[in-house]
Amino acid sequence: MRKHAAISIGLLMACSLAIAGCKPESLVSTSQEVEIGRNASQQVESKYPVNKDPELNRLVTTMGQTLVQYSDRQDIKYTFKILDMKEVNAVSLPGGWIYVYKGLIDDTKDDPNELAGVIAHEIGHIAARHHAEMIGRETFAGILVQTLTRGDVRQWANLFANLHLLRWSRKHEYESDRLGVKYAYQSRYSAEGMINFFEKLEQKRKDDPSRFEQIFRTHPVTAERIKRARAFLADLKAGRRDP
Ligand SMILES: [Zn+2]
């Protein structure tokens with residue numbers, strides 16, 4: 001604990017010296033991230049219904065672990081679970097927990113590449129350390145907070161466990177799309193799946209708004225997102241970018 005505090009204070013000083021170049025996620029260690037995620041996952045699983053269907057869980061876990069092999073982040077263990085909720089969404093917690101809503105599985109039955117694409121996008125949020133960035137930014141804003149205390153861990157876990165409150169910025173979405181497309185492209189799934197899925201969302205929302213409200217809040221979908229993801233995939237396929 002003392003070592004952690006020393007590291008964090010050191011990082012905070014380094015950040016203060018060069019604010020422009022400081023990355024907020026550098027203030028949060030992987031072990032802190034995992035601690036917050038574990039705590040949040042326990043809350044999620046006591047608060048929301050968890051689907052125990054072995055076949056469905058095998059499908060999601062196999063898909064997730066296949067994609068994880070291509071993740072840029074291998075210092076954590078990834079866990080995939082299904083929430084028995086009719087809404088169409090998927091969420092991730094700090095440290096490697098990914099929850100797929102049953103509504104998303106039902107909605108992507110015709111093309112498993114769509115489900116794989118959304119899972120790959122969630123892996124992207126974790127790989128790019130977006131949760132740590134969110135936590136680090138707040139920690140840095142409250143400059144007196146030099147390290148995450150047990151209370152902070154609990155507070156952040158409570159926040160992440162409220163799945164309907166999670167909001168990613170467009171910048172986070174662009175980055176997760178890019179990583180998701182890359183992981184799907186490198187795996188045996190078609191990278192078009194995620195893009196097609198997001199492209200169809202607007203129309204689907206019109207038909208059944210209540211099921212799609214959450215995904216639009218958590219991962220704001222824009223025409224620009226789809227355009228960028230398509231361009232990125234075209235570059236990958238043409239060899240203009242290294243995977
Ligand atoms: Zn997202």
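Which residue forms a salt bridge with Arg150, and how far apart are the closest N and O atoms?

**View 1. Arg150 and Glu35 pair up across two helices.** The partner is Glu35, with the closest N and O atoms 3.0 Å apart; a salt bridge here is a side-chain nitrogen of Lys or Arg within 4 Å of a carboxyl oxygen of Asp or Glu. Arg150 sits in helix α7 (residues 150-161) and Glu35 in helix α2 (residues 30-47), so this pair ties together parts 115 residues apart in sequence. Helices are DSSP runs (H or I, at least four residues), numbered from the N terminus. Arg150 is exposed at 61% relative accessible area, while Glu35 is partly exposed at 27% (buried is under 20%, exposed over 50%, partly exposed in between; 1.4 Å probe, protein chains only).

This is a predicted model: local features need pLDDT of at least 70, side-chain atom pairs count only at pLDDT 80 or more, and totals for chains, interfaces and linings use all residues. Residues are numbered from 1 along each chain as its sequence is written, and side-chain values use heavy atoms, leaving out hydrogens and water.

**View 2. Glu199 meets Arg230 in a salt bridge.** N to O comes to 2.7 Å. Glu199 belongs to helix α9 (residues 192-207) and Arg230 to helix α11 (residues 223-238), 31 residues apart. Glu199 is partly exposed at 41%, and so is Arg230 at 32%.

**View 3. Lys227 and Glu224 form a salt bridge within helix α11.** Their closest N and O atoms are 3.7 Å apart. Lys227 is exposed at 57%; Glu224 is partly exposed at 30%.
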